[in-house]
Structures are given as structure tokens and as C-alpha cells.
Amino acid sequence: MSDERVIPELRDFIAREFLNGKDEGFDAATPLIEWGVIDSIAIVTLRDFVASRFGVEIPNSELKPSNLSSLTTIASLIDRLRP
């Protein structure tokens with residue numbers, strides 16, 4: 001699955017779960033951690049979503065800000081970890 005398909009699904013999930021469905025101004029480059037869109041609890045929820053939707057298990061060692069800073073970096077992480 002390409003970034004073009006992963007990013008919209010991540011965007012929809014994050015908007016629905018963490019932004020009360022409000023996605024104005026939310027794009028692939030939005031700084032998720034810096035803007036407080038995701039926090040430590042949200043990261044666990046996001047990790048579970050990625051595992052169930054994309055079949056990719058994100059190990060704890062990969063749950064770091066540099067991998068979760070935007071939709072683009074999360075999509076890259078998914079692509080890198082995909083079996």
C-alpha cells in the first residue's frame with residue numbers, strides 16, 4: 001500500500017479519534033506531537049490502529065517522536081516495517 005493510500009486513512013483515523021472529526025488545516029505535514037494532536041495515550045491507540053488496519057506491528061523502539069511527527073513520517077514508518 002502506497003503513502004497515497006496510507007496517509008488519507010491515517011488522516012481520517014486521527015481526525016475522528018483525536019480531533020473530534022475536525023480536520024480543517026490538517027494535512028500530511030501537520031506536526032502531530034508539537035501541536036498536541038497525539039500524546040502518549042494516543043500513540044498506543046494509533047499503534048493498535050496501524051496493526052489492525054495495515055498489518056504492521058510497531059515495536060516500542062520505533063515509537064519515538066521522529067517516527068510519529070507527521071502523517072508522512074508515520075506512513076514512512078509503516079512502509080519500512082511492512083513485511
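Analyst: A residue is called buried when its relative accessible area is under 20%, exposed when that area is over 50%, and partly exposed in between, with a 1.4 Å probe and only protein chains taken into account. Glu-62 has a relative accessible area of 14%, which means that it is buried. This is a predicted model, in which local features need pLDDT of at least 70 and side-chain atom pairs count only at pLDDT 80 or more, while totals for chains, interfaces and linings use all residues. Residues are numbered from 1 along each chain as its sequence is written, and side-chain values use heavy atoms, with hydrogens and water left out.

User: Where does Glu-62 lie along the chain, and which residues is Glu-62 in contact with?

Analyst: Helices (H or I, at least four residues) and strands (E, at least two) are DSSP runs, numbered from the N terminus. Glu-62 sits in the loop that runs between helix H2 (40-54) and helix H3 (65-68). A contact requires heavy atoms within 4.5 Å. Neighbours within four places in sequence aside, Glu-62 is in contact with Asn-67, Leu-77, Arg-80 and Leu-81.

User: How many helices and strands are there in the chain?

Analyst: The chain has four helices and zero strands. Its radius of gyration is 11 Å, close to the 12 Å that the globule rule gives for 83 residues, so the chain is as compact as a globular protein of that length. That radius is taken over C-alpha atoms, and the rule is 2.2 Å times the number of residues to the power 0.38. Along the principal axes, the C-alpha trace spans about 35 × 25 × 20 Å.

User: What share of the residues counts as buried, and what share of the contacts joins residues 24 or more positions apart?

Analyst: Of the 83 residues, 34% count as buried. Among contacts with a separation of 6 or more, 60% are between residues 24 or more positions apart.

User: Which residues illustrate such a separation around Ala-28?

Analyst: Ala-28 is in the loop between helix H1 (3-18) and H2, and its relative accessibility of 23% makes it partly exposed. Ser-70 is 42 residues away from Ala-28 along the chain, yet their C-alpha atoms are separated by 6.2 Å. Thr-73 is 45 residues from Ala-28 in sequence and 8.7 Å away in space, C-alpha to C-alpha. Not counting residues up to four places away in sequence, Ala-28 touches Ile-7, Ser-70, Leu-71 and Thr-72.

User: Is Ser-70 buried or exposed, and what does Ser-70 touch?

Analyst: Ser-70 counts as buried because its relative accessibility is 8%. Its place is in the loop between H3 and helix H4 (71-81). With residues up to four places away in sequence left out, Ser-70 touches Ala-28, Ala-29, Thr-30 and Leu-32.

User: What describes a pair of aromatic rings, and how many aromatic pairs are there here?

Analyst: The distance of the centres and the angle of the planes describe such a pair. Rings of Phe, Tyr and Trp (its six-membered ring) pair if their centres lie within 6.5 Å; planes under 30 degrees apart are stacked, over 60 edge-to-face, and the rest tilted. By this rule there are three aromatic pairs. One of them joins Phe-13 and Phe-18 edge-to-face, at 5.9 Å centre to centre and 90° between the planes. Phe-13 is buried at 6% relative accessibility, whereas Phe-18 is partly exposed at 21%. Phe-49 and Phe-54 are also edge-to-face, at 5.8 Å centre to centre with 85° between the planes. Both Phe-49 and Phe-54 are buried. Phe-13, Phe-18, Phe-49 and Phe-54 form one aromatic cluster.

User: Which residue has a positive phi although it is not a glycine?

Analyst: Most residues other than glycine have a negative phi. Asn-20 has a positive phi of about 55°. Asn-20 is in the loop between H1 and H2, and its relative accessibility of 68% means that it counts as exposed.
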